[in-house]
Amino acid sequence: MSQLSRSDVANLARLARIDMTDAELDHLATEMDVILAAVARVQEVATPEIAPTSHPIPIHNVTRPDVVSASLTPEAALSGAPAQEDNRFRVPQILGEEA
Amino acid sequence: MITRSAHEMSAAMVKGEVTSEQLTQLHLNRISAVDQQVHAFLHVDTEGALAQARAVDAARSSGEKVGPLAGVPLALKDVMVQKGIPTTAGSKILEGWRPPYDSTVVSKLKTAGVVILGKTNMDEFAMGSSTENSAYGPTHNPWDLTRIPGGSGGGSSASLAAFEAPLAIGTDTGGSIRQPAAVTGTVGVKPTYGGVSRYGLIAFSSSLDQAGPCARTVLDAALLHEVIAGHDAHDATSINAPVPEVVKAARSGDVKGMKIGVVKELNGDGYQAGVRSRFEESLELLAKAGAEIVEVSCPNFEYALAAYYLIAPSECSSNLARFDAMRYGIRVGDEGAASAESVMNLTREVGFGREVKRRIILGTYALSSGYFDAYYGSAQKVRTLIMQDFTKAFASADVLVSPTCPTTAFKIGEKANDPLAMYLNDIATIPVNMAGIGGMSLPCGLAPEDGLPVGFQIMAPAMQDQRMYSVGAALEAALLTQWGSPLLSKIPALAGSK
Amino acid sequence: MTLTYEDVIAKYEPVLGLEVHVELNTHSKMFCGCSTDFGGEPNTQTCPVCLGMPGALPVVNEKAIESSILIGLALNCSIAPFSRFSRKNYFYPDMPKNFQISQYDEPICVNGYLDVEIDTEEGIKKFRVEIERVHMEEDTGKSLHVGGATGRIHGADYSLLDYNRAGIPLVEIVTKIVPGTGKYAPEVAKAYVAQLRDILRSLGVSDVRMEQGSLRCDANVSLRLIGAEQLGTRSETKNVNSLRSVERAVRGEMIRHAELLNKGERVVQETRHFQEDTGLTRSGRSKEQAEDYRYFPEPDLVPVAPDAAWIEKLRESLPEHPSLRRARLQEQWAVPDKEMAAMLNADALDIVEETVLLGADPTRARGWWLGEISRIANESGVAIVELAITPKDVAQIVALVAKGDLTDKLARQVVEGVIAGEGTPQQVIDSRGLKVVSDESALMAAIERAIAAQPETAEKIRNGHIPAAGALIGAVMKDTKGQADAARVRELLLAHLGQPNTINP
């Protein structure tokens, strides 16, 4: 049975901010099914009593002192900007919620 | 000269037989002559390399003390940020980007006087096992130009095998240093996670990525390992402990009394016959050198691949979110009243290749609410199980060994449309990344059926990287005695080479 | 028809929830060494880390962790023995990595409380506000919207981004739901934020300048019918940038919800923006689909596991708790309850204390700040701390009055002058020529002139009709431009006209 529909993949693409054609979505939905079937094997052995590992090397409390270090110059900071104006990054109109 | 080891080149410079500038020029000439066929490099920094070389020559002639690899040329995987030098990670989305800063690895290379020739080709954002996923076209294996050089660091491994550079930097998330080394007959080492700083390494999967040395000999890899390793305050996951004495271990190559554990699950079905026979012969050589060969079992390794293909895509879906056309990289569709959101969507559609998009979508799914526990959460538990397997295995063996890959280099295009078949290449290398331990691949001969190189993998416990070098050096020495000359002396000559 | 607040509370019970974001005042950012100074030129305080450049990695600022633990301790929280950072994934141009490093299921501090007091007609009332969590995160950059009429995001042609603020350490303090405040909900919300701000200031961990955004409050409000169990749908009001606005926003939302509910309509669960000018809230652009933040442990950072010794060291460094300090000052200064409440309400405690520490008499200091200065502040609709008069100025004015160099009337003019930006009290005195006329011959000359101008009045006084003296004193004060001491004028006048000084002014 198919796990992911085209609209599921479309929703994932929206979350990931990638424009996709319907053909791409369909193709990916098929591929995802195959891959998900393979990776779902992890559930066979992942029993509740096993602690998850997110860091391979168990260290903690790594911090830096609160000391100011040199920043980039605005020229360097903006050197790769696709567009800029007045030492600011210029971006297309933002259709979002007002921050 | 260019077929020598880095160590020998360095000795020649010390004796005054050659200058770094001459050595660098020889390699630049070689690149000009053969790289059209190999396509190991995405960018060659001729002027920068020669300037660095001249600076080392000047320092040396003024009597300054220089490091053991000073003046030796190196090829840098394009995933490593270098100030002012185009850095793309093999992706179109970063086309034309020149970083305003150096990665820690690059800073250390510069301090050590290592001459950076340029940036090498790779699978886009290090996702792949063949370098076919590069947005800039595939790299060809110098052993057979119709075959893949491994991936993701195929440019680095190919540059070594093509004698375009004696040293290279790779990064290894699931085998991207070791598998290319295996299929090109070169040496590649993935150090313990946290052994080499990740600052300035363009992240694919942060909890798995690790940069490491690539070379043609075990000693060269060790010399480079010591240059790039060490604690870095800019990387919170960097280990604050002395660097393991890998050069000393590589020089001694002593395995007497060492227990070498053969991982039962990483051999057998699915492994090419020639790969298995070369592996078995190598075990015999190690036994002759005084090591004790034992068998160990790691039953959870069979879940490693599945867990890897959840953890790595999950982390990459987040790591690659920053490529949004706002601050750097290409921008697509910024016309008329286009919104930031639509420009992001279009840029990411055009800027990312198929494999990258596939993994971002997979990772987005695995992290999404309602699926997190079943996928990402379960994968992290498998990670715990794999670490437990290693802990048990290392209780009865000093190092573990396996073939690096199930097969020798396959043909370009052969697996391009079958992601799962492609993923299987990494079956033997992935457990090392999952556990954060060290792994090395060195050449152990040519498979009789196709005449292509076979890799021998050595795995050591975390922060015991020197053990891999002891065993690697011992095997390398025994094989050299048997063969009479290094494996790469058997590589077919490339057109245009003298 | 618009409901009155009384209509609302007669029928509904409000339930509050408050989220306060505090910018810490560390020197450097949360995860990199860039300066956190306010007001720098655009993109001068940025680096590969806070610009989210490929390859850059975060490293946690130790001071930010310590500040967060201090906040937790001051709010009676448990400090988690193991805490982690997570990534909150969503795309927004002001967020360089397109994820925010935050804390999700393992915050640094949990389960605390803050007791707040408010002054009501029924006397001082105390409410306990329970704290759910205190966690660390990073701030975003700032966007400037260009084009369009309003400078707002909607209708803008494009935006310009400055990432100086990106990565400044933030601490988010989240309350549990606060039921049972009844009609006092708006005041409780305001008092909570005010007292929280006092604690943060006393800890020295933040500038807590609401007007600069270093303390920001989101107010969640829902209503349920009095006696009902189930919670109503809440709205989350952002952009609440002053204490007064907190109170207005809660009150306004209560009325808005009640109007909807009375009409049988639904309250939409949404983010709303507080409008400082109207005191109303405006709906944020509702999202077509819900965000899924896909939280997961931040792999570039390692866990924070503060040990007992570290926590104890921080606990020992905690300053006097603001509630204890209030009690102490009230006793030291002998302030009646009612006036203490007024002082807290006007947010004048710190400024009065500073004035007292500069040598002013506590009653006098309080009198100036809560009297004349508060009056001017109210007239101009600002807080007293925003006026251009400092505790030092007030202490000087109090001293000058005590010495007799200024009368109260003159002192008021000095206060006015300082607030108007005419300089220090001395500069105002000099430039306005405000000086008590204590030269008795000059006063006598003025008295003579007044008598000459109003001979009949003088005659009445000579005949024992003392109340008539007021008219002559007034004339003298006018003559001396108010710079005479009226009591002394009275003495001299009555003596001159051969009458006893019977009424103490």
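## Amidase span of chain B

In this predicted model, the end C-alpha atoms of residues 23–467 of chain B lie 32 Å apart, and the span is 38% helix and 14% strand, where helices (H or I, at least four residues) and strands (E, at least two) are DSSP runs numbered from the N terminus. The UniProt record, an unreviewed entry, places the feature "domain: Amidase" at these residues; such annotations may be inferred rather than shown by experiment.

Local features need pLDDT of at least 70 and side-chain atom pairs count only at pLDDT 80 or more, while totals for chains, interfaces and linings use all residues. Residues are numbered from 1 along each chain as its sequence is written, and chains are lettered from A in the order in which they are written.

## The sheet of chain B

An open sheet of mixed pairing is formed by 11 strands of chain B, in the order S1-S3-S2-S4-S6-S5-S10-S11-S9-S7-S8, two strands being paired if DSSP finds at least two bridges between them. Its edge strands, S1 (41–44) and S8 (292–296) of chain B, each pair on one side only.

Within the sheet, S2 (residues 73–77) and S4 (residues 167–171) of chain B run parallel and are joined by three bridges, with B:Ala75 standing opposite B:Ala168.

## Contact between chains A and B

In chain A, 43 residues are in contact with 60 residues of chain B, contact meaning that C-beta atoms, placed from the backbone, lie within 7 Å. H2(A) supplies the largest share of this side of chain A, seven residues.

Notes. Two residues are in contact if their C-beta atoms, placed from the backbone, lie within 7 Å.
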